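Hello,

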Amino acid sequence: RESDHRAWTPVTYTVTRQNATIQGLIQGKAYFFRIAAENIIGMGPFTETTKEILIRDPITVPDRPEDLEVKAVTKNSVTLTWNPPKYNGGSDITMYVLESRLIGKDKFHKVTKEKMLDRKFTVEGLKEGDTYEYRVSACNIVGQGKPSFCTKPITCKDELAPPTLDLDFRDKLIVRVGEAFSLTGRYSGKPAPKVTWLKDDIVLKEDDRIKIKTTPTTLCLGILKSVREDTGKYCVTVENSTGSRKGFCQVNVVDRPSPPVGPVIFDEVFKDHMVVSWKPPLDDGGSEITNYIIEKKDTHKDLWMPVTSSTVKTTCKIPKLLEGREYQIRIYAENLYGISDPLISDEMKAKDRFRVPDAPEQPIVKDVTKDSAVVVWNKPYDGGKPITNYIVEKKETMATRWVKATKDPIFPGTKFKVPDLLEGCQYEFRVSAENEIGVGDPSPPSKPIFARDPIAKPSPPVNPEVVDKTKNSVDLSWQPPRHDGNGKIIGYLIEYQKVGDEEWKQANLTADSCPETNYKVTGLTEGLTYKFRVKAVNAAGESDPAHVPDPVEVKDRLEPPELILDANMAREQHVKAGDTLRLSAVIKGVPFPKVTWKKEDREVSPKADIEVTGVGSKLEIRNTVHEDGGMYSLTVENPAGSKTVSVKVVVLDKPGPPRNLNVSDVRSDSCYLTWMEPEDDGGSVITNYVVERKDVASAQWVAISSSSKKRSHMAKYLMEGTQYLFRVAAENQYGRGPYVETLKPIKAIDPLHPPGPPKNLHHVDVDKTEVSLVWNRPDRDGGAEITGYLVEYQEDGADEWTKFQTVPMLDCVVTGL
């Protein structure tokens, strides 16, 4: 029964053994038990347990503790930690027992105090250099459990570890003025490192605003109510005997800027605007100045008017002023963190002090070349401000737009070489002056000039010489002058002088009549000796003369004829019919030879155009025909000799008609045609023959062969009894020649032969002066019906047969014998 109930509950009916297992009990409850013996007579009295029995699992010693670790080692102490056992044996842990064994000894010795429940213990009073191993056991109500696994052997000595540093802040930190900031982190190291804070390499110490807090593992620097002076490079140093680590942070304590630095300077003052300037603030608040805010105020009013809030320059134009009024200017500096206090200017009246320069006088142009000119001017009144630049402009006289001569400044000189002019164009120039106020009016335009190089007289011609002469003329040649004086050579003047005379005569009156470097002086007297000289002329005038070195006697110079053949005078010249035949040659000789063209030693055809010039001759025949072919000769002749060249000309044309067309072997369905090649093949190989036929009753010719290269053809597939005409033409690469035609029609029939001999000739009756004969028809009739039989007789012993008569039938009576 349960201890708190009075009713008993049977557990089993019969048990023959002296023990029993009771099932179905509830853990944690207390029970009483009783037992009675029974025999055949009945059940005896119960025996009851003396005290209640609490139901629970049996209690054992705890399991071994886990994760025994060495946390720290010094030269005289070891610190260990561990975790409780997985199973406490069914009873709470009452204490832990830590044991150690000196390496080299056999026994473990207890090192913990009585009743130690902490799972961390530092063993102290050890001897430096000794080596130990440790184990720990757990105890409960039953007793001490198994020891944990031993640590590795631990030698007592100071443990060294270089410092480590783990910071919570970045390289840069921005803080508003008045705010607090802190720099924190974690560190470690053995032995425990020393922590030092520095700012800009100066050690920081605690005061009312600076707080430094350091624990064995953390570090912290805090600054309350930061000021601009707290800006700087902060450094934390963690150092022990094994080394050091440093961490840095650039702290920027930012604020609105200080006011711009005065005074406000009035750089320019005009009746309607001013230009002011100032200096940047001494302190930009730790952040770049983003802009300045400029305001203006008429001193008669209390209202400040905005001018601009977007300028970053330290200068500003104040526009829209009223002439004669006094103004004050107010300037603020602004950064990301705010707007500074203002800088206020003195009062300033709006009125003109200065103006732009006056217009210069008309400029002068000199040193003109084909692509440049130098413009010179005088300095004008500068308007009260120094001139800083001159602007030179150019314009073609016919144009309307002025163009700056250069983008670069022109100062302080008052002349400028204008480049990039176009040769031959007419230009004019003007100049404007510029000062701080602006650009003044331009000067009046200069006098127009043409862009071209200045011209001087040319140098004399080079190497004049006599290249030919006749009985009344001399041909001169020379080279152009080495220097044309920058002007185009218009031409040359040629002069001659009879030896012994003083006067030079002009061969040509004007230079432009001899623009080339050669000239024929005519009208000279045969047999006399002359001197010659040549002058070059440009727009600036005549050059000095260049003399032909030696005097020249005027007489004919004899040179035998010479022929220089053109390519069309090769040995054989082929021309396609209808094209133009051209034969030409260069002819030399003094005097110029007589020119004669011939064909086959006869005059050339009247259709030929013959042209003779002073240097050669040309023969030309248009629309050539085959008959224009042949051997052409060119003869040149003068008193010094003659020369002849020949060229064979082949006019390539269609061939002539074939010859001797003949028809043979006529059959009822075919015949055989033969012919001979044309007398004239047109200058090209016969490629093939075209054969055609025509029924005499038809108007249409029909081709029966168009590619035969042979000079014969079997005409097949004729219709028996039909009369045909045939014709043949030859072809070459230039076309088909004329046809040759059969003279008379050919009838398609088989040929006729004499019939065969009559058969079985014999007599059937004989008289004294006549014989009766009979015979049979012959085997073959020769292709035509037999029209009769010729009967002949011969006297025995005679040589000749005598004709009797022709009979139509197969019998005959020969009489008169």
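**What was found**

Val11 is placed in the segment before strand 1 (30-31). Please keep in mind while reading that this is a predicted model. With a relative accessibility of 54%, Val11 counts as exposed, because exposed means over 50%. Together with Ile22 and Leu25, Val11 makes a nonpolar surface patch of about 220 Å².

**The chain as a whole**

Stepping back to the whole chain, you will find 0 helices and 68 strands. The radius of gyration is 73 Å, well over the 28 Å that the globule rule gives for 817 residues, so the chain is more spread out than a compact globule. Along the principal axes, the C-alpha atoms fill a box of roughly 205 × 140 × 70 Å, and 37% of the 817 residues count as buried.

**The annotated domains**

The UniProt record, in an unreviewed entry, gives the feature "domain: Fibronectin type-III" for several spans, among them residues 359-454 and 460-557. Residues 359-454 are 0% helix and 36% strand, with end C-alpha atoms that lie 31 Å apart, while residues 460-557 are 0% helix and 45% strand, with end C-alpha atoms 29 Å apart. UniProt also lists "domain: Ig-like", again in an unreviewed entry, at residues 163-252 and 561-646.

**One sheet to look at**

As background, strands of a sheet pair through backbone hydrogen bonds, and the pairing can be either parallel or antiparallel. Here, an open sheet is formed by 4 strands in the order 33-32-35-36, with antiparallel pairing. Its edge strands are strand 33 (403-404) and strand 36 (449-450), each of which pairs on one side only. Strand 35 (residues 426-435) runs antiparallel to strand 36 and is joined to it by 2 bridges, and if you look for Gln426 you will see that it stands opposite Phe450 in strand 36.

**Salt bridges**

Side chains of opposite charge can pair when their charged atoms come close.

- Arg711 forms a salt bridge with Glu677, with the closest N and O atoms 3.3 Å apart. This pair links distant parts of the chain, 34 residues apart, since Arg711 is in the loop between strand 58 (702-708) and strand 59 (712-715), and Glu677 is in the loop between strand 56 (671-676) and strand 57 (688-695). Arg711 is partly exposed at 45% relative accessible area, and Glu677 is partly exposed at 32%.
- Glu731 forms a salt bridge with Arg736, with the closest N and O atoms 2.8 Å apart. Glu731 counts as buried at 18% relative accessibility, whereas Arg736 is partly exposed at 37%.
- Asp779 forms a salt bridge with Lys759, with the closest N and O atoms 2.8 Å apart. Asp779 is in the loop between strand 65 (771-776) and strand 66 (789-793), and Lys759 is in strand 64 (residues 759-766). Asp779 counts as exposed at 66% relative accessibility, and Lys759 as partly exposed at 38%.

Finally, Glu495, Arg533, Lys535 and Glu542 are linked in a network of salt bridges.

Best wishes

Terms used: Residues numbered from 1 in each chain as written. Predicted model: local features only at pLDDT ≥ 70, side-chain atom pairs only at ≥ 80, totals over all residues. Heavy atoms only, no water. Patch = residues over 30% accessible without salt bridge, like charges linked within 9 Å, V, L, I, M, F, W, Y side chains within 5 Å. Areas by Shrake-Rupley, 256 points an atom, 1.4 Å probe, with all protein chains shown as cover. Salt bridge = Lys/Arg side-chain N within 4 Å of Asp/Glu carboxyl O. Buried < 20%, exposed > 50% of the residue type's maximum accessible area, 1.4 Å probe, protein only. Pairing = 2+ DSSP bridges. UniProt positions renumbered as here; feature names shortened; annotations may be inferred. Rg over C-alpha atoms; globule rule 2.2 N^0.38 Å.
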